[in-house]
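Have the sequence and the 3D view open as you read.

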Amino acid sequence: MARDMAQNISPQTAYHNLRLLEQVDVPTGAFYRQLAQEIIADPKVSLVWRLAIANRLHRANHLLEMQTVGNNDSY
């Protein structure tokens, strides 16, 4: 399903959605992340957009890691 949605969502929208991750519920955030992954994997999307989305997704994932992993946890 995400693959079909990724074809209908612009890279700009996916990029913007990643800024909303802390404001949406967990399932919506997971959906936004999956859409971003699908766009990153799409060779028809320009490299500039794929890199921008990948960088924003990486930062969001790192922030999530820092919020959910404790000192004694492994990630």
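## The buried side of helix α3

In α3, the buried residues are G29, Y32, R33, L35, A36, E38 and I39. Please keep in mind that this is a predicted model. An α-helix has 3.6 residues a turn, so residues three or four places apart point the same way.

Helix α3 covers residues 26-40.

Is Q37 buried or partly exposed? Q37 counts as partly exposed because its relative accessibility is 42%, and buried would require under 20%. Q37 and A14 are 23 residues apart in sequence, yet 9.5 Å separates them in space, C-alpha to C-alpha.

## The nonpolar core

Which residues make up the largest nonpolar core? This core has 12 residues: I9, A14, L18, L21, Y32, L35, A36, I39, V45, I53, L57 and A60. The elements giving two or more residues to this core are α2, α3 and α4. Helix α3 provides the largest share, with 4 residues.

As background, nonpolar side chains tend to be buried together in soluble globular proteins.

The model has 1 aromatic pair. Y15 and W49 form this pair, with 5.7 Å centre to centre and 70 degrees between the planes. Why is the pair called edge-to-face? Its angle of 70 degrees is over 60, so the pair falls in the edge-to-face class.

Y15 belongs to helix α2 (residues 11-19) and W49 to helix α4 (residues 47-68), so the pair ties together parts that are 34 residues apart in sequence. Y15 is partly exposed, with a relative accessible area of 24%, and W49 is partly exposed too, at 27%.

## The largest pocket

The largest pocket has a volume of about 350 Å³. Its lining is made of 17 residues, and L21, E22, R33, A60 and L64 lie nearest its centre. Among these, L21 and A60 are also members of the largest nonpolar core, and R33 is one of the buried residues of α3.

Which helix gives the largest share of the pocket lining? The answer is α4, with 6 residues. Helices α2, α3 and α4 each supply at least two residues of the lining.

Definitions and conventions
Residues numbered from 1 in each chain as written. Predicted model: local features only at pLDDT ≥ 70, side-chain atom pairs only at ≥ 80, totals over all residues. Heavy atoms only, no water. Phe/Tyr/Trp six-rings, centres within 6.5 Å; stacked < 30°, edge-to-face > 60°. Buried < 20%, exposed > 50% of the residue type's maximum accessible area, 1.4 Å probe, protein only. Expected span 1.5 Å × (residues − 1). Core = buried A, V, L, I, M, F, W, Y, C linked by side-chain atoms within 4.5 Å. 1 Å grid on protein atoms, 1.4 Å probe; cavity = no way out; pocket = protein on both sides within 12 Å on 5 of 7 lines; lining within 4 Å. Points joined across faces, edges and corners; volume = space filled by probe spheres on them.
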